[in-house]
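Subject: Structure handover

Hello,

Here is the structure I promised to pass on. Please open it first, then read my notes below.

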Amino acid sequence: MVHVMSKSPLSIVKERFGEDPKKAKEKLVAAVKKVAGKDVWLDRLNEDKGLEHVSNKKLLHLEQVFAAVSKKVGSREKLIGEIAKLQGRSKDEDYKTRLGEESTPSLWDRFQAVQSSASGNPGSN
């Protein structure tokens, strides 16, 4: 059996955004902000630190999640609506409000789990 090492987050960032780590990080932060927009982003940032102090791994994950949410459903509000609908709670405003307090990546994970259980394929994406 051959074990393949996965790339480090820094090597992925350098590969996608250039060799200079500082400039690559700036480009990654810009990419996350661009894909997030106001429709999928829940602004809970520490204003003193900002995205520049978030790890490359988390930024890459955020970029992937925000892109998936935008492509699949369009916005956080629509994502919350889809989750509630798939769970048969589309008229439960308290439930939707509670879902609205969760982070977008958390909502995305919940959506995928609910969607796969609704389709009868547990564990598939």
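One term first: contact means heavy atoms within 4.5 Å. With that in hand, take Glu63. Not counting residues up to four places away in sequence, Glu63 touches Arg16, Phe17, Leu28, Ala31, Val32 and Val35.

Some ground rules. This is a predicted model, in which local features need pLDDT of at least 70 and side-chain atom pairs count only at pLDDT 80 or more, while totals for chains, interfaces and linings use all residues. Residues are numbered from 1 along each chain as its sequence is written, and side-chain values use heavy atoms, with hydrogens and water left out.

Overall layout

The protein has 6 helices and 0 strands. Helices (H or I, at least four residues) and strands (E, at least two) are DSSP runs, numbered from the N terminus. The order from the N terminus is α-α-α-α-α-α. The protein has 125 residues, and 31% of them count as buried. Buried means under 20% relative accessible area, exposed means over 50%, and partly exposed lies in between (1.4 Å probe, protein chains only). Now take the contacts between residues at least 6 apart in sequence: 65% of these join residues at least 24 apart.

Glu63 again

Glu63 sits in helix H3. Is Glu63 buried or exposed? It is buried, because its relative accessible area is 13%. The side chains of Glu63 and Arg16 are joined by a polar contact of 2.9 Å. A polar contact is a pair of N or O atoms within 3.5 Å; within protein, one must be able to donate a hydrogen and the other to accept it, and residues adjacent in sequence count only if both atoms are side-chain atoms. Val29 is 34 residues away from Glu63 along the chain, yet their C-alpha atoms are separated by 9.0 Å.

H1 against H3

Helix H1 covers residues 9-17 and helix H3 covers residues 56-72. They pack at an angle of about 60 degrees, and their axes are 8 Å apart. Axes are lines fitted to C-alpha atoms, for helices over the stretch in contact, and angles run from 0 to 180 degrees between N-to-C directions. H1 and H3 are therefore oblique to each other. On this scale, angles under 35 degrees count as roughly parallel, over 145 as roughly antiparallel, 65 to 115 as roughly perpendicular and the rest as oblique. The crossing of H1 past H3 is left-handed. That word applies if the near helix is turned anticlockwise from the far one by less than a right angle; clockwise gives right-handed.

Which residues make the contact? H1 supplies Pro9, Leu10, Ile12, Val13, Arg16 and Phe17, and H3 supplies Asn56, Lys57, Leu60 and Glu63. By class there are 6 nonpolar, 1 polar and 3 charged residues. Ala, Val, Leu, Ile, Met, Phe, Trp, Tyr, Cys and Pro count as nonpolar, Asp, Glu, Lys and Arg as charged, and the others, Gly among them, as polar.

H2 against H3

Helix H2 (residues 21-40) packs on H3 at about 35 degrees, with the axes 9 Å apart. This crossing is also left-handed. Residues of H2 in the contact include Leu28, Val29, Ala31, Val32 and Val35, while those of H3 include Leu60, Glu63 and Phe66. The contact of H2 with H3 has 13 nonpolar, 2 polar and 2 charged residues.

His53 is in the loop between H2 and H3. His53 counts as exposed because its relative accessible area is 62%. His53 and Val29 are 24 residues apart in sequence, and 9.7 Å apart from C-alpha to C-alpha.

The axes of helix H4 (residues 76-86) and H5 come within 10 Å and cross at roughly 130 degrees. H4 and H5 are therefore oblique to each other. Their crossing is right-handed. Arg76, Ile80, Ile83 and Ala84 of H4 meet Tyr95, Lys96, Leu99 and Gly100 of H5. That contact has 5 nonpolar, 1 polar and 2 charged residues.

Glu102 lies in the loop between helix H5 (93-100) and helix H6 (104-119). Glu102 counts as buried because its relative accessibility is 17%. Its side chain makes a polar contact of 2.6 Å with the side chain of Arg110.

Best wishes
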